Amino acid sequence: MSFEPIGAITVVAGLFCLLFGTDSVVVAFVVFCNLGSAAALLLGGANVQPAHLFLLFLMIATLFYRNISTLVLRSFRLPEPGFWLLCLALYGVASSYVLPRLFAGQTYIVPLGTSSHLITSDGVVPLGPVSSNFTQPIYLLGDLVCFSVIAAFGSTRDGIGTLAKALIIYAAANICFGIIDVLTAATGTQEALQFIRNAQYTFHDEETVGTMRRIIGAWPEASAFAGMTLGSCGFTGMLWLCGRKPLVTGPLALISLLFVILSTSSTGLVGAVVLVGLLYTIALLRCSTHRQDRFSAGLVIAGPLVLCVLILLALSVNGAADRVFDYVDTLVLSKGETSSGVQRSAWNAYAWRNFIDSSGLGVGLGTNRTSSLPLAVLSNVGIPGAVFYVLFLASVFGFRRGAPRTYASDIRSAARVACLCLLAGGMIAGPTVDQGLLFYIFAATACAYPERQQIRRTPVSTALIGSATAIRPRLADPCPRPAQDASLGT
C-alpha cells in the first residue's frame, strides 16, 4: 500500500472540515470529485481516489445525526430509488465473484483489470476473474453510500441549498482545472500537476487533434473531462434558466459549454448538442411573462438569432466553415474509421458477445471493458442488473416531490438535467457500470425532499370561541417564491 501526498492533503482537509461542520464536509466532498486522475491510496493495482477517501469523513459528519441516519434508512425502502440501487449493488457484488468463475473459459473478454491469462493479439483473454472484480464492486458500494447519504442530507432543512452551492463550486473548480491544464501545456510546466495525476491509469495528456491539444483538466483523458463538464454545464445552465443566481450560473454554464466543445472529445461534442437541445426545449416549456421565466424567454428568442449569426460568421470568414466541418468530421462523422473508433467498436462487439454467451446473466461486475453504458450494464450484470438499473433511473426521474417553481424544486430539476447529460456521455463512451460519484450526487440531489421536514402544526387562537378548533397541517415553503427570493439577480 502506498499513501500518496494528495491522500495526506485529503485527510487534513477532511479533519479541518469536520471542525467547521457538516456543510463544509459536504462542499469539500463534492469539490474533491473533480480529482478523477488522482489516487489518494495505491493498493496494489487499485486506485483509491481522494473523493472515495473523503467519503469516510462525509459518513462521520452526517450519520451521527439521528435525523439523517433515519433518512438514510428510509431511502432504502421500496419503491425509493435507493432500494433499486441497493439491489443493483448486491447483485453486482455477487456477480463479480460468481459469474467469472461460473462461465470461465466460455467466452473471450476485453479485460478491465489484470488477468492471469495472456492477452492475445486482439487484446482479449478467456473469461475468468480479473483484478477489477475487486475494485469495481467497491466503487459501486461507494456510489450507494454516496447516494443515500447525499439524498438524506439534501432532505434536511437547509441541505438542498448547501448541495446547490457545492455543485456550483464544483463547476467553477472544474473550469479552473481546465484553464490550468491549458496554461501548463502552453508553458511546458505539466509537471506541476503530477501530484494529482498519480493514479495508475493510462493518461492522454499529450494527445492532439489536428493542431488542437486535447483538454483533460483533472481527469485522465479528454472524454472523461468533457463528460463530467457536461454534467456541471447542465446543472448550472438549468439553474440559470430558472433565474437562480444568474450572474454566477450563467457564466459558469457558458464557459463549461465552451470547454466541452474545445476539449476535442467526441463524447463532449455530441453531448453538447444533446445538452443545448434539452435546455432549449425546457426553455420553450417554461417560457412565460413571469419574472422567474425571463431567462427562459430570453433563450427562446435569442437562441435562433445567435445560431444564425454564428452560421453567417462561419460562411463569411474565409475558410472558417471548412475548419468547422473538418473539426466535426474528425470527432464525429469519421470517428468510426479511426483506430480509436475501431477499437471501441471491437470492445462493444465483444461485450455483446459476452452478454449472449452468459445467457443474459452477464460475466460479472468489473470483468470486461466496453465503450457504451448500456452494453457495460448488459455485459457485466446482465438482464437482472439492467432491470435494477432502469428501475433506479425511472424512480429518480419519475417521482416529483414538492411544489413546482420553488427553489428546492428548481434545484431538483437542474440535477435531473445534469443526470441526463452524464447519461448522454455514458451512452457514447461509458466503459463501466460505475458512472462516478458525481452522477450519484446529482441523482441524490434530484431525489432530495426537504419539504417533508417542513410540515408543522400551527396553534389556532381560541380566545373568541372558547374551544380548540381543528388544526390543519401546513407546508411551510423554506424556499420563497421568485419575487421574494434573495438569490434572484445575485
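What follows is a set of questions and answers on helices and loops in a predicted model.

Colleague: How are H14 and H15 oriented to each other, roughly parallel or roughly antiparallel?

Modeller: H14 covers residues 373-398 and H15 covers residues 407-429. Their axes come within 14 Å and cross at roughly 165 degrees. Angles over 145 degrees count as roughly antiparallel. The pair is therefore roughly antiparallel.

Colleague: Is the crossing of H14 and H15 left-handed or right-handed, and which residues of H15 make the contact?

Modeller: H14 passes H15 in a left-handed crossing. On the H14 side, the contact uses Leu373, Pro374, Tyr389, Leu393, Val396 and Phe397. On the H15 side, the residues are Arg416, Cys419, Leu420, Leu423, Gly426 and Met427.

Colleague: How many residues in the contact of H14 with H15 are nonpolar?

Modeller: Sort the contact residues by class. One is polar and one is charged. Gly counts as polar and Arg as charged. The nonpolar residues number ten.

Colleague: Which residue just after H8 takes a positive phi?

Modeller: Look just past the end of H8. Phi is about 80 degrees there. The residue is Gly243.

Colleague: Which residues does a cis peptide bond join?

Modeller: Go to the loop between H4 (66-74) and H5 (81-102), where Pro79 is placed. Omega of the bond is about 5 degrees. The cis bond joins Leu78 and Pro79.

Colleague: Is Thr264 buried or exposed?

Modeller: Thr264 is in the loop between H9 (246-262) and H10 (266-286). Its phi is near 60 degrees, a positive value in a residue other than glycine. Relative accessibility is 0%, and the cut-off for buried is under 20%, so Thr264 counts as buried.

Colleague: And Ser359, buried or exposed?

Modeller: Ser359 lies in the loop between H13 (339-357) and H14. Ser359 also has a positive phi, about 60 degrees, although not a glycine. Its relative accessible area is 62%, and exposed means over 50%. Ser359 is therefore exposed.

Methods. Residues numbered from 1 in each chain as written. Predicted model: local features only at pLDDT ≥ 70, side-chain atom pairs only at ≥ 80, totals over all residues. Heavy atoms only, no water. Axes fitted to C-alpha atoms, helices over the stretch in contact; angles between N-to-C directions. Helix = DSSP H or I, 4+ residues; strand = E, 2+ residues; numbered from the N terminus. Parallel < 35°, antiparallel > 145°, perpendicular 65-115°, else oblique. Left-handed = near helix turned anticlockwise from the far one by under 90°. Contact = heavy atoms within 4.5 Å. Buried < 20%, exposed > 50% of the residue type's maximum accessible area, 1.4 Å probe, protein only.
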